[in-house]
Amino acid sequence: MKRFIKFILNAFPRSFLQRAAGWTVPLLGLFYIGRGRECPLCGCRRRRFLPYGYVVSRPDALCPRCLALERHRLLWLYLERETRLTAELPRLLHVAPEVSLMRKLRRAYRDVPERYATADLESPLADLHFDIQHIPLPDGSFDAVICNHIMEHVEDDRKAMRELRRILRAGGRGIVLAPVDYSRAETFEDDAITDAAERTRIFGQYDHRRIYGRDYADRLREAGFEVEERDYAAELPAEERERYALSEDRLYIVRKPLTDV
């Protein structure tokens, strides 16, 4: 199964996978019938989740019903338990919307759909289409933003971070996640590396442009954010970490200062 899913991920374009995953992945999930794992987004129970990964296939990663990955399950638990997002329904921009989170949020915003917008460069699932380095929206357009594993793909991540800050109102909050290698003190990037195979070897994926180090939070601060770095998975009981098959990713919770007008 690991080899099959890895082949599919690398053989077909992202837009096709986004359209087809809704019916193909649940079929694969029939091979994992059982009750060892539970998805906090959709309630799906399986003996374990599906493997997933473009280069290194991670076991216990993909929910076969809603397509949530480890980091999506962790993020949803944080949003549900630690914030009032679904109660207060702030104007929310969801960049590169993950199907699992988007479904939950659309349901939460069903009475005020104009307050929730999704955006992506090319995804057919998104409401808006633009380059995150050049967001065609007015200053202070949103109260909150979710941007998950995008910054490692863009040419100028610092510019993209500044754009996210710009479209937030003063005091607005967000979660801006990226894969971070905590063994590295500093982020590594080299735009001279253009060969896809070489990028995969060095950065772990052909369309990644950098490997973030422990300075990731500092890059967000340089863009003008206040940043809280939170190891939320470690705060949860071990039983929940296992049952939900959570990632060890840290959450980067950002806030635009009230004085930034």
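Visitor: Is His149 buried or exposed?
Guide: This is a predicted model. His149 is found in the loop between β8 (142–148) and α6 (157–167). The cut-off for buried is under 20% relative accessible area. With a relative accessible area of 13%, His149 is therefore buried.

Visitor: What is the phi of His149?
Guide: Most residues other than glycine have a negative phi. His149 is a residue other than glycine with a positive value. Its phi is near 55 degrees.

Visitor: Which loop holds Leu89?
Guide: Leu89 is not a glycine, yet it has a positive phi of about 50 degrees. At 16% relative accessibility, Leu89 counts as buried. Leu89 lies in the loop between α4 (85–88) and β5 (92–95).

Visitor: How many helices and strands are there in the chain?
Guide: The chain has 261 residues, and buried residues make up 52% of them. As for secondary structure, the chain has ten helices and 13 strands.

Visitor: What share of the contacts between residues at least 6 apart in sequence joins residues at least 24 apart?
Guide: A contact here means heavy atoms within 4.5 Å. Among contacts in the chain between residues at least 6 apart, those joining residues at least 24 apart come to 64%.

Visitor: What part of the accessible surface belongs to carbon and sulfur atoms?
Guide: The accessible surface of the chain comes to about 12900 Å². Of this surface, the part that belongs to carbon and sulfur atoms is 50%.

Visitor: Which backbone nitrogen does the side chain of Asp60 reach?
Guide: Asp60 lies in strand β4 (residues 58–62). Asp60 counts as buried because its relative accessibility is 16%. Leaving out residues up to four places away in sequence, Asp60 touches several others, including Arg37, Arg48, Glu70 and Arg73. The backbone nitrogen reached by its side chain, at 2.7 Å, is that of Phe49.

Visitor: Which residues have the most contacts inside the largest nonpolar core?
Guide: The largest nonpolar core has 65 residues. Helix α3 (residues 70–82) gives the largest share of this core, six residues. A second, separate core has eight residues, among them Tyr54, Ala61, Leu67 and Val99. In the largest core, the residues with the most contacts are Val95, Ile132, Met151, Leu164, Tyr216 and Leu220.

Visitor: Which residues does Leu220 touch, not counting residues up to four places away in sequence?
Guide: Leu220 is one of the residues with the most contacts inside the largest nonpolar core. Not counting residues up to four places away in sequence, Leu220 touches Met161, Val176, Phe225, Val227, Tyr252 and Val254.

Visitor: How are the rings of Tyr109 and Tyr116 arranged, stacked or edge-to-face?
Guide: The count of aromatic pairs comes to five. Tyr109 and Tyr116 form an aromatic pair with 5.4 Å centre to centre and 25 degrees between the planes. Planes under 30 degrees apart count as stacked, so the pair of Tyr109 and Tyr116 is stacked.

Visitor: Are Tyr109 and Tyr116 buried or exposed?
Guide: Tyr109 has 1% relative accessibility, so Tyr109 counts as buried. Tyr116 has 4% relative accessibility, and therefore Tyr116 also counts as buried.

Visitor: Which residues do ring pairs link into a cluster?
Guide: Another ring, that of Tyr182, has the charged end of Arg250 over it, 4.0 Å from its centre. The cluster linked by ring pairs is made of Tyr212, Tyr216 and Tyr252.

Visitor: Which side chain does that of Glu82 join in a polar contact?
Guide: Glu82 lies in helix α3. At 39% relative accessibility, Glu82 counts as partly exposed. Leaving aside its neighbours within four places in sequence, Glu82 is in contact with Leu77, Arg230 and Tyr232. The polar contact, of 3.4 Å, joins the side chain of Glu82 to that of Arg230.

Visitor: Which elements do the buried residues of α5 pack against?
Guide: Helix α5 covers residues 99–108. Its buried residues are Val99, Ser100, Leu101, Met102 and Leu105. The buried residues of α5 pack against α3, α4, β5, β6 (116–120) and β8.

Visitor: Which residue with a positive phi follows α7?
Guide: At the start of helix α7 (residues 196–203), a side-chain oxygen of Asp195 reaches to within 3.2 Å of the backbone nitrogen of Ala197. The residue that follows α7, with a phi near 90 degrees, is Gly204.

How values were computed
Residues numbered from 1 in each chain as written. Predicted model: local features only at pLDDT ≥ 70, side-chain atom pairs only at ≥ 80, totals over all residues. Heavy atoms only, no water. Helix = DSSP H or I, 4+ residues; strand = E, 2+ residues; numbered from the N terminus. Buried < 20%, exposed > 50% of the residue type's maximum accessible area, 1.4 Å probe, protein only. Areas by Shrake-Rupley, 256 points an atom, 1.4 Å probe, with all protein chains shown as cover. Polar contact = N/O pair within 3.5 Å; in protein donor to acceptor, adjacent residues only side chain to side chain. Phe/Tyr/Trp six-rings, centres within 6.5 Å; stacked < 30°, edge-to-face > 60°. Lys NZ or Arg CZ within 6 Å of the ring centre and 35° of its normal. Core = buried A, V, L, I, M, F, W, Y, C linked by side-chain atoms within 4.5 Å.
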